[in-house]
Amino acid sequence: MKEFTQEYRQEMTNKYPWLALHDARTKKPMDAIWAEYMPQGWWWSFGEQMCEELDQLIHKYNMEDFYYVCQVKEKYGELRWYDEGFSSDGWDEYCEWLKKYENMSWETCAICGEPATHTEVGWVLPVCEHCKTESAKKREDN
């Protein structure tokens with residue numbers, strides 16, 4: 001699986017400035033991107049496509065100076081994408097974009113990015129057969 005190298009973080013920040021984490025106190029960009037907080041399987045499966053589509057919406061509705069991400073995570077097995085809101089002019093398109101990827105997250109293994117065939121119990125998480133087996137082995141070893 002790919003990794004979030006310094007070069008990759010910089011490439012993504014240059015391409016999508018709104019994806020950069022900012023220090024809450026100073027508002028300065030940090031050495032991280034919100035993508036790192038998304039389950040890796042989702043990011044490497046559809047994260048870049050997701051950002052490209054969102055970036056097109058941001059430009060379409062002239063949100064370049066206003067849009068930024070507040071938090072990205074998994075919750076109850078689904079992608080959660082929190083931001084400072086979107087233009088009312090493009091709200092319907094934005095909601096369609098977000099719903100598309102929330103639904104995709106349910107169908108994609110959060111660990112490796114392959115199609116999900118199971119949902120882990122205890123921590124609700126969509127996983128593929130391989131990752132489910134590996135997870136069970138780790139639990140047995142502990």
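**View 1. Trp106 is partly exposed, with a relative accessible area of 35%.** The model shown here and in the other views is predicted. Trp106 belongs to helix α3. Together with Tyr76 and Val124, Trp106 makes a nonpolar surface patch of about 310 Å².

**View 2. The largest nonpolar core has 39 residues.** The members that touch the most other members are Trp18, Leu19, Trp43, Tyr67 and Trp81. At least two residues of this core come from each of the helices α1 (6–15), α2 (40–60) and α3 (91–106), and likewise from each of the strands β2 (29–33), β3 (69–75), β4 (78–83) and β6 (125–127). Helix α2 gives the most, with nine residues. In soluble globular proteins, nonpolar side chains tend to be buried together.

**View 3. Surroundings of Trp43, a member of the largest nonpolar core.** Leaving aside residues up to four places away in sequence, Trp43 touches Phe4, Tyr8, Met12, Leu19, Ala35, Met38, Glu48 and Cys51. One of these contacts, Leu19, is also listed with Trp43 among the core residues that touch the most other members.

**View 4. Arg80 in strand β4.** The side chains of Arg80 and Glu78 are joined by a polar contact of 2.4 Å. Beyond the residues up to four places away in sequence, Arg80 touches Gln71, Val72, Lys73 and Lys75. Tyr101 is 21 residues from Arg80 along the chain, and the C-alpha atoms of the two residues are separated by 9.4 Å.

Key
Residues are numbered from 1 along each chain as its sequence is written. This is a predicted model: local features need pLDDT of at least 70, side-chain atom pairs count only at pLDDT 80 or more; totals for chains, interfaces and linings use all residues. Side-chain values use heavy atoms; hydrogens and water are left out. A nonpolar core is a set of buried Ala, Val, Leu, Ile, Met, Phe, Trp, Tyr and Cys residues joined through side-chain atoms within 4.5 Å. Buried means under 20% relative accessible area, exposed over 50%, partly exposed in between (1.4 Å probe, protein chains only). Helices (H or I, at least four residues) and strands (E, at least two) are DSSP runs, numbered from the N terminus. Contact means heavy atoms within 4.5 Å. Patches are made of residues with over 30% relative accessible area and no salt bridge: like charges are joined within 9 Å, nonpolar side chains (Val, Leu, Ile, Met, Phe, Trp, Tyr) within 5 Å. Accessible areas come from the Shrake-Rupley method with a 1.4 Å probe; for residues, only the protein chains shown count as cover. A salt bridge is a side-chain nitrogen of Lys or Arg within 4 Å of a carboxyl oxygen of Asp or Glu. A polar contact is a pair of N or O atoms within 3.5 Å; within protein, one must be able to donate a hydrogen and the other to accept it, and residues adjacent in sequence count only if both atoms are side-chain atoms.
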